[in-house]
Amino acid sequence: MADATGVSDLISTTLRISNVRDYPGDFLSKVEASLTPQLRELAKERVILVAMEGDAIIGTASLGRDQVHAVFVHPARQGRGIGTRLMEAVESEARARGERELILYASLSAVPFYEANGWRTVREHRDGGARLVVMTKALGEQRARPDNGAGIADAAV
Ligand SMILES: CC(C)(COP(=O)(O)OP(=O)(O)OC[C@H]1O[C@@H](n2cnc3c(N)ncnc32)[C@H](O)[C@@H]1OP(=O)(O)O)[C@@H](O)C(=O)NCCC(=O)NCCS
């Protein structure tokens, strides 16, 4: 149960520090409300992965059937390959289930990150006044990448 609090805190912190540059506060509050209070409910239909550094949760990503949700790396830990490792773990889980293609709704600032990880833009999506980018990735062969030290694990929520 501690994991649920850790994942929720990480999402709230990252939304407030990283995403506030691109989105108004009311949209971020809506995203926060859709992800954090019902994490245990979401965990029934999504696999929730976490990146750990010691006892601290420093990253998370979730997989529904064929959709990736809630990819967040703590602002102080961004740019170190943790997001990439989380996406590799998500894609590996989806491949193991036999999924052929994944979809996600990217925040504007995350588009270059997903492009660098092999995702391509399909179209723009508007949620009220907020612009998101619909992206997909076909699941092919997995590339080997060096370990960056942050362990990726299933969250026990
Ligand atoms: C998007 C996010 C998950 C990326 O995680 P990260 O751990 O910082 O990403 P990585 O270190 O694995 O980056 C991998 C590559 O993506 C690219 N990249 C990452 N962030 C980037 C940025 N802001 N602008 C341009 N390229 C970026 C780079 O090519 C990077 O490779 P490099 O380190 O060799 O330059 C993280 O920045 C984040 O949590 N952002 C705020 C929350 C958010 O918007 N999440 C997405 C919701 S859809």
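1. Ligand shell. The ligand is surrounded by 20 residues, the closest being Gln78, Gly83, Thr84, Pro112 and Ala116; a residue is near a molecule if its C-beta atom, placed from the backbone, lies within 6 Å of it. At least two residues of this shell come from each of β3 (68-73), α4 (82-96) and α5 (111-116). The shell comprises nine nonpolar, 10 polar and one charged residues, where Ala, Val, Leu, Ile, Met, Phe, Trp, Tyr, Cys and Pro count as nonpolar, Asp, Glu, Lys and Arg as charged, and the others, Gly among them, as polar.

2. Basis of the model. The model is predicted: local features need pLDDT of at least 70, side-chain atom pairs count only at pLDDT 80 or more, and totals for chains, interfaces and linings use all residues. Residues are numbered from 1 along each chain as its sequence is written.

3. Overall architecture. The chain contains five helices and seven strands, in the order α-α-α-β-β-β-α-β-α-β-β-β from the N terminus. Helices (H or I, at least four residues) and strands (E, at least two) are DSSP runs, numbered from the N terminus. The radius of gyration of the chain is 15 Å, close to the 15 Å given by the globule rule for 157 residues, so the chain is as compact as a globular protein of that length. This radius is taken over C-alpha atoms, and the rule is 2.2 Å times the number of residues to the power 0.38.

4. Nonpolar core. The largest nonpolar core has 33 residues, and Val7, Ile11, Ala61, Val68, Leu86 and Val90 have the most contacts inside it. Such a core is a set of buried Ala, Val, Leu, Ile, Met, Phe, Trp, Tyr and Cys residues joined through C-beta atoms within 7 Å. A residue is buried if 20 or more other C-beta atoms, placed from the backbone, lie within 10 Å of its own, exposed if 12 or fewer, and partly exposed in between. Of the 157 residues of the chain, 30% count as buried.

5. Alanine 70. This residue lies in strand β3 and has a positive phi of about 50 degrees although it is not a glycine. Alanine 70 counts as buried because it has 22 C-beta neighbours inside 10 Å.

6. Histidine 125. Strand β5 (residues 120-127) holds histidine 125, which counts as exposed because it has 12 C-beta neighbours inside 10 Å. The C-alpha atoms of histidine 125 and tyrosine 105 are separated by 7.9 Å, with the two residues 20 apart along the chain.
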